[in-house]
Amino acid sequence: MPKTLVIDDDSEFEALCRQRGSAANEFVFARDDETARQMLQSASDFDIALVSVDSPNLGGLELFKQLTGVRVRIPRIALLSKRDLETARKAMNSGAADFLVKPVEKADLDTSIERVFKSCEERRQAWKNEAQLSAIQREITIAEEIQKRILPSQFEGGAGYSLFARLASAKSMSGDFYDIFDLP
């Protein structure tokens, strides 16, 4: 269930969100910049932020740049009070993942939140997979170094013998070891 911070001072939009809020989504409201800053500074469990970008009383997406000591990595959906392509473009260039124009239809709100949340979750999973792959690659590198140190590169030759061994890994390390010993 996504937890959505709504930074907006529009009571009609808040009513729509409260109507939509259920087991599918939890909405938390900040009607002014100071409340929004406090919530963002103290809570790291927000999944999405719906941010009014053209309210004269709110700082819009610039609010996120004003935070100190915390880096908020949540996707933002810009809320526009009217159809204004320039404002929508600026919001997208400032980091908004999507935008909605008021009055927002309930279905549009649901679709936007679902799409942005799903995209964000896919990105988070990709980052997690990348981190796991990186950890595995580090372990393989360590194992490769250990294997190279274990296997001798020079041998004591017997009378009339020249000894040579070579380990050729398929990639960075192999499961093979070698040993040299005298047979009767």
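This is a predicted model: local features need pLDDT of at least 70, side-chain atom pairs count only at pLDDT 80 or more; totals for chains, interfaces and linings use all residues.
Strand 1 covers residues 3-7, and five of its five residues are buried, so the strand is largely enclosed by the rest of the structure. In strand 1 both faces are covered. Lys-3, Leu-5 and Ile-7 are buried on one side, and Thr-4 and Val-6 are buried on the other.

Strand 1 pairs with two other strands. With strand 2 (residues 26-30) the pairing is parallel and runs over five bridges. With strand 3 (residues 48-52) the pairing is also parallel, over four bridges. Leu-5 takes part on both sides: Val-28 stands opposite Leu-5 in strand 2, and Ala-49 is the bridge partner of Leu-5 in strand 3.

In soluble globular proteins, nonpolar side chains tend to be buried together. The largest nonpolar core of the model consists of 21 residues, and Leu-5, Ile-7, Leu-40 and Phe-64 have the most contacts inside this core. Among the elements that contribute two or more residues to the core are strand 1, strand 2, strand 3, helix 2 (33-42) and helix 3 (62-65). Another core, of 16 residues, lies apart from this one and includes Phe-27, Phe-29, Ile-77 and Val-116.

The surroundings of Ile-7 were examined beyond its neighbours within four places in sequence.

Key: Residues are numbered from 1 along each chain as its sequence is written. Side-chain values use heavy atoms; hydrogens and water are left out. Buried means under 20% relative accessible area, exposed over 50%, partly exposed in between (1.4 Å probe, protein chains only). Two strands pair if DSSP finds at least two bridges between them. A nonpolar core is a set of buried Ala, Val, Leu, Ile, Met, Phe, Trp, Tyr and Cys residues joined through side-chain atoms within 4.5 Å. Contact means heavy atoms within 4.5 Å.
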